[in-house]
Amino acid sequence: MEIEPGQVAVVTGGASGIGFGLARGLGLRGMKVVLADIREAGLADAKVTLNAQGVDVLTVVTDVSDPESVAQLADSTTTHFKRVDLVCNNAGVVGAQAPMWEQKPQTWQWLINVKLLGVVHGVTTFAPLLLQQGTGHILNTASAGGLMPLPTMTPYNATMHAVVGLTETLNIELRAAAGGVGASVLCSGRVATDLGTNSQALEPSVGAAATGNPQDLSGSVLDPDALAELTIAGIEADAVHIVAGAGVAAAARVRLESVLGDLTSGPST
């Protein structure tokens, strides 16, 4: 997909972090931006900042775990801007760290509702609109945790693997239905965001502490604006997997080599 001035981007989880970085990067390229987030105050602050930089912004308070709320987001977008070209299913949370057998059922349900079903709701709501116009793109935010194991973060790890897999399949389905529509999945390493702190504020009983980090990798921490630039380049290149961050590619390669090794050394069928 070619990013062009006048196009419209929807970004969930857009009040801060990766989502805000994406919104700013797209807005500075002339796209109109719909910022969606469950945090109303955060949306207001983000809008002020982006407006000051010349970005045309609509804010919509949205709970991505609720399909009706996502449907209202789509209605607000098409009513205000009359179209949508890029949908960034980016809203995310992270749970506290513990071995899988110690993880709370509430943590599993919360991460599934937000990180997995939030993406599903975004796709099922917006994909028909993109297919109808014959052009557009869907970006689903996963993480490095969708390409490798993350001990002590199994609920997060599981949802991230699911988002990677569904995006790979979604891209094939979209391109078969309309050649001008596709999908990408963002798998980044450590990013300088307040995801842990925000998660704990939203769900104190299951959210991560401020020290929690879903991308437990060595190396430098990505700046959200720098990540946005890499992501936009990946979208314009029609890349299915957008991988960024120190150590991510190497760690993913180790996992893939392990799978291939088991396939070649396992019992023949």
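Predicted model: local features only at pLDDT ≥ 70, side-chain atom pairs only at ≥ 80, totals over all residues.
Me: Is the crossing of α4 and α5 left-handed or right-handed?
Reply: Residues are numbered from 1 along each chain as its sequence is written, and side-chain values use heavy atoms, without hydrogens and water. A crossing is left-handed if the near helix is turned anticlockwise from the far one by less than a right angle, and right-handed if clockwise. For α4 and α5 it's right-handed.

Me: OK, how is α4 oriented relative to α5?
Reply: Helices here are DSSP runs (H or I, at least four residues), numbered from the N terminus. Helix α4 (residues 105-133) packs against helix α5 (residues 154-177) at about 10°, with their axes 9 Å apart; axes are lines fitted to C-alpha atoms over the stretch in contact, and angles run from 0 to 180 degrees between N-to-C directions. Angles under 35 degrees count as roughly parallel, so α4 and α5 are roughly parallel.

Me: Which residues of α1 meet α2?
Reply: Helix α1 (residues 17-27) and helix α2 (residues 40-52) pack with axes 11 Å apart, at about 25°. Contact means heavy atoms within 4.5 Å. On the α2 side you'll find Ala-46, Thr-49 and Leu-50, and they meet Phe-20, Ala-23 and Arg-24.

Me: Over which residues is the pLDDT below 50?
Reply: The chain's mean pLDDT is 93, and 95% of its residues reach 70 or more. The stretch below 50 is residues 210-216.

Definitions and conventions. Helix = DSSP H or I, 4+ residues; strand = E, 2+ residues; numbered from the N terminus. Parallel < 35°, antiparallel > 145°, perpendicular 65-115°, else oblique. pLDDT = per-residue confidence, 0-100.
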